[in-house]
Amino acid sequence: MMASHVMLAQHQFGAFRQLFKVDDKVFATPAVFGESILIAGMNGRLHAVNKKTGALQWTAAAKKGIATSLTVSGNTVFAGSYDGHYYAFDARNGKQRWKFRTGGERMIGAKGLWTMQPDTMYMEDQYDLYLSSPATDATSVYFGSSDSCIYALDKHNGQLRWKFKTNGPVHGGAACAQGMVLAGSWDTYVYALDAATGKLRWKFKTQEDLKYHHVLEGIQAAPVVAGNTVYIGARDARLYALDIRTGNKQWEYSAGDAWIVGAATVANGHVYVGTSDSYLMVDLDAATGKELHRHKGGGYVFSAPALSGAALCYGDFTGRLFLMNTNNPQQIDSFDTPGRKQLAAQHLDSTGRIRFRHLAAGADPALFSTTVAVMNKLYELEPFATAPVMEDNKIYAITASGRLYVIELAKK
């Protein structure tokens with residue numbers, strides 16, 4: 001998260017403009033590099049855009065979609081693609097420095113996923129939007145893969161240092177702290193590995209789901225480390241606080257039947273994290289997990305919030321950004337995409353929220369084709385599936401439809 005030195009809670013959304021348009025869906029959180037915003041899409045292209053003018057500075061390309069957050073270290077940007085490679089590009093000019101082939105990348109799926117029909121059809125999970133975002137330290141880059149492995153590469157040349165096999169695809173991002181690499185797997189475990197050797201230090205099991213046919217199961221979120229605590233959410237509808245040294249659970253927060261897909265943001269004794277089907281951004285006590293405040297939007301919150309001073313910004317899957325004051329918990333302002341403005345009355349219910357049966361418009365909810373049709377309608381709203389970036393009284397946010405906006409923060 002980018003932090004400025006201005007108390008943004010005294011501001012509201014001001015003038016905005018579209019800086020750039022990616023010609024495909026976007027599930028990669030942007031990154032700032034100097035005077036550039038780095039963005040990437042499911043067309044496989046990585047762009048550097050001038051953050052003041054929107055001018056395209058360079059473009060690099062993978063063979064398939066880029067679906068990881070963009071991680072910058074020094075003058076290098078790291079990203080992973082559905083073409084089965086993780087890449088290192090020079091952030092100054094887009095030249096490829098190296099690429100590394102994993103065992104292959106794919107979306108989670110199964111025949112008759114979650115008992116949807118027809119049960120003989122292979123179905124991709126329409127909510128599995130991300131691949132594992134890389135993390136770096138002084139020497140290495142770490143990430144997970146759909147091949148069930150967690151990798152450590154030499155960040156300068158892409159040579160394999162070690163890999164660790166889990167029992168499920170690793171789509172949750174990695175984190176590194178205190179000589180360890182942390183990542184969650186679809187096998188329901190959080191793993192802590194020795195950063196130098198890849199040997200297992202500890203693992204922690206999240207919950208399995210037999211009641212709802214594995215709907216509430218698996219880990220998509222990236223871990224976040226603050227002090228000696230690892231905070232990580234899971235599809236089992238819980239946020240866990242784990243001791244980084246032992247993996248012992250300090251506390252867990254239940255989100256009911258709502259996944260926790262996005263990473264948490266931790267600051268000043270608070271943990272802020274979004275939920276999926278309950279449409280919440282919750283504020284938790286970092287020491288105890290007690291819920292201090294909740295803000296309810298209209299749709300799934302799939303990404304991390306951005307925090308600067310007392311101002312918190314997050315987006316939801318209805319195409320709305322929220323600006324919150326964390327000192328005196330309240331909503332300051334909201335920003336709607338043109339797609340939401342045009343189609344909210346048609347696609348959202350009378351309260352402005354996502355309701356599956358309303359979107360299904362009479363179609364059989366048990367059919368996989370209905371889920372696909374519902375998601376396609378939601379994409380028409382220009383939802384936010386990535387975290388915003390806050391810097392110098394500006395918010396940079398990109399929609400899942402590929403529109404990159406810069407929004408000024410004006411004094412109230």
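This is a predicted model: local features need pLDDT of at least 70, side-chain atom pairs count only at pLDDT 80 or more; totals for chains, interfaces and linings use all residues.
Trainee: In the open sheet of 4 strands, which are the edge strands?

Mentor: Strands are DSSP runs of E, at least two residues long, and helices are runs of H or I of at least four, numbered from the N terminus; two strands pair if DSSP finds at least two bridges between them. The order of the open sheet is E6-E7-E8-E9, with antiparallel pairing. Each edge strand pairs on one side only, and these strands are E6 (71–73) and E9 (96–101).

Trainee: Which residue of E9 is the bridge partner of Ala 88?

Mentor: Strand E8 covers residues 85–90 and pairs with E9 in the antiparallel sense over 5 bridges. The bridge partner of Ala 88 in E9 is Trp 98.

Trainee: Which residue in the turn of the hairpin formed by E26 and E27 has a positive phi?

Mentor: Strand E26 (residues 280–285) runs antiparallel to strand E27 (residues 291–296), and 5 bridges join them. Leu 280 stands opposite Lys 296 in E27. The hairpin has 5 residues between its strands, and the turn residue with a positive phi, of about 80°, is Gly 289.

Trainee: Is Thr 29 buried or exposed?

Mentor: Thr 29 lies in the loop between strand E1 (11–21) and strand E2 (31–33). Not counting residues up to four places away in sequence, Thr 29 touches Thr 68, Ser 69, Leu 70, Thr 386 and Ala 387, where contact means heavy atoms within 4.5 Å. Its side chain also reaches the backbone nitrogen of Ala 387 at 3.2 Å. Buried means under 20% relative accessible area, exposed over 50% and partly exposed in between (1.4 Å probe, protein chains only); with a value of 16%, Thr 29 is therefore buried.

Trainee: Which elements do the buried residues of H3 pack against?

Mentor: Helix H3 (residues 368–380) has 13 residues and reaches 19 Å from its first C-alpha to its last, close to the 18 Å expected at 1.5 Å a residue, a span taken as 1.5 Å times one less than the number of residues. Its buried residues include Phe 368, Val 374 and Leu 378. The buried residues of H3 pack against strand E11 (122–124) and helix H2 (356–360).

Definitions and conventions:
Residues are numbered from 1 along each chain as its sequence is written. Side-chain values use heavy atoms; hydrogens and water are left out. A polar contact is a pair of N or O atoms within 3.5 Å; within protein, one must be able to donate a hydrogen and the other to accept it, and residues adjacent in sequence count only if both atoms are side-chain atoms.
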